[in-house]
Amino acid sequence: MGTPWAVLVLAVALVGLWAPCAAYKQPNFIVILADDVGWGDLGANWAETKETPHLDELAAEGTRFVDFHSAASTCSPSRASLLTGRLGARNGVTHNFAVTSVGGLPLNETTLAEVLRGAGYSTGAIGKWHLGHHGHHHPSFRGFDYYFGIPYSHDMGCTDTPGYNLPPCPPCPRHGSIARVVRKDCYMEVALPLFENTTIIQQPVNLSSLAERYAEEATRFIHRARDSGRPFFLYLALAHMHVPLGVPPLPLASGIYGASLSEMDALVGRIKRVADSHGKGNTLLWFTGDNGPWAQKCELAGRLGPFIGAWQQQRGGSSAKQTTWEGGHRVPALVYWPGHIPAKRTSCALLSALDIFPTLVALAGAALPPNRRFDGLDVSPVLFGWSDVGHKVLLHPNSGAAGKDGGIEALRLAQYKAFYTTGGAMACDGSIGPAEHHQPPLIFNLDRDIHEQEALDVASREYEEVLSAISRAYTQALEDIATDNVSVADYSKDPAVTPCCDPQHVACRCHAPGAHTALLDHRMEGRTTRL
């Protein structure tokens, strides 16, 4: 008879812990998504990193998650999964969208912004979108009341301030025909546009001032939401740490990458201060990354920390972005909510960016969209420190390296990581690991081998015992996806849908060559063009 009473007492205790949140007004949410950031790019994660005092402060005042993963290892699929709580195999976004993409995140998929707006939230997206810019795929039609940012990665259009890239790209042409002696990696025909809602307000965007403008617009959005009396959801998708990196005003000992990392850190610290100024404890801030570092960019790529994917490195090629090695998808993650989420805590729970959608929906008191399955979990018990249990199984989709895009050919089961496909991504030295399919799969024990250096011996007892569990989990996962309400993204292309402010000007410039870009801020009127 003692056990039922113990359970009852525990249940009452948990209700008591939750009651203040339930009685409390809906919290504000800020999700900050860094681009191509490495797990080792946080000083709180990796002692060698010295450029992140504000992020380290965030970690000290909140909870740090050290086994947190992006939902994919490249831009569009990762972002689609964050905003839907569903893998690309379900939501249809399996690889990146292009400048000329007609489609985007399928319109029958419901975004986090749409759910929260329906729950009374003011919603804003600032920064990189990369989920479709044509027609109703634009963020202004995907649940966001306000949008300010660029439609895709900032290396997908020329600028007058191109920054640092490998290989370097020239600035936008100003007169006459476009030079054809540029690398195929450089986009020269169309300048990178900056949008406010559905209006192009600057093309090419001034990359040198983009971080500052993001901070300013984020601050304005938070102030407007406060004045309206509504809770807010801000999705802030930074350009950092994707190339091209900005030019530091002063040289730093840590080089170009360190200077850019320091700039990102200061931006996050600024947003935290703005949120705190409206009442500490009113806003949950979740910082993470969309995928790991882009290894082929060499010294302009982020820091993997211990997640080097040594098995792959020994055979050539990258073990970071685009791959399913830990360096491709294990990313920094910090959650800060004073008075609700424990400070100075480190959690080893196996979590994913997929969990952001169901967790914030639950904390807002809203309901998940019906007629579909979710890969993410409501991990609020982990956030509150009541539990340290996350996913039992976590799937890692192919993201541009070997294998079919979006295919599930790697998965995690407890401390074990199984690979059915490896290779296919370029390293700094230009090598591309051979695409290899593994049947039976490679299996690593991450508790003993965080470097992913030596796969378990297939003849060992440990391998035989874990293989059956992995095979069952893998089969069940694929069956679950196959029987779900699955969407299909339109990846067709048409040059006519390219964002272009003024097709009469070279590179689509929307102001006269040499015009002072400082005049082209969010208040400009007369030179704007609707999408």
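Predicted model: local features only at pLDDT ≥ 70, side-chain atom pairs only at ≥ 80, totals over all residues.
1. Four strands make an open sheet, running in the order E13-E14-E15-E16, and their pairing is antiparallel. Strand E13 (393-397) and strand E16 (436-445) are at the edges with a single partner strand each, so each has one side left without a neighbour in the sheet. Going from one strand to the next, the twist averages 20°.

2. Now look inside that sheet. Strand E14 (residues 408-413) pairs with strand E15 (residues 416-422) in the antiparallel sense, over four bridges.

3. The peptide bond joining Gln439 and Pro440 is cis, with omega about 10°.

4. There is a cis bond to find at another proline too. The peptide bond from Leu166 to Pro167 is cis, with omega near -5°. Pro167 is in the loop between strand E5 (146-149) and strand E6 (194-196).

5. Next, some backbone angles. Asn371 isn't a glycine, yet its phi is positive, about 65°. You'll find Asn371 in the loop between helix H10 (356-363) and helix H11 (380-383). Its relative accessibility is 64%, so Asn371 counts as exposed.

6. Cys508 isn't a glycine either, and has a positive phi of about 70°. This residue is in the loop between helix H12 (461-482) and strand E17 (529-530). Is Cys508 buried or exposed? Cys508 is buried, because its relative accessible area is 8%, and buried means under 20%.

Technical notes: Residues numbered from 1 in each chain as written. Heavy atoms only, no water. Pairing = 2+ DSSP bridges. Helix = DSSP H or I, 4+ residues; strand = E, 2+ residues; numbered from the N terminus. Axes fitted to C-alpha atoms, helices over the stretch in contact; angles between N-to-C directions. Buried < 20%, exposed > 50% of the residue type's maximum accessible area, 1.4 Å probe, protein only.
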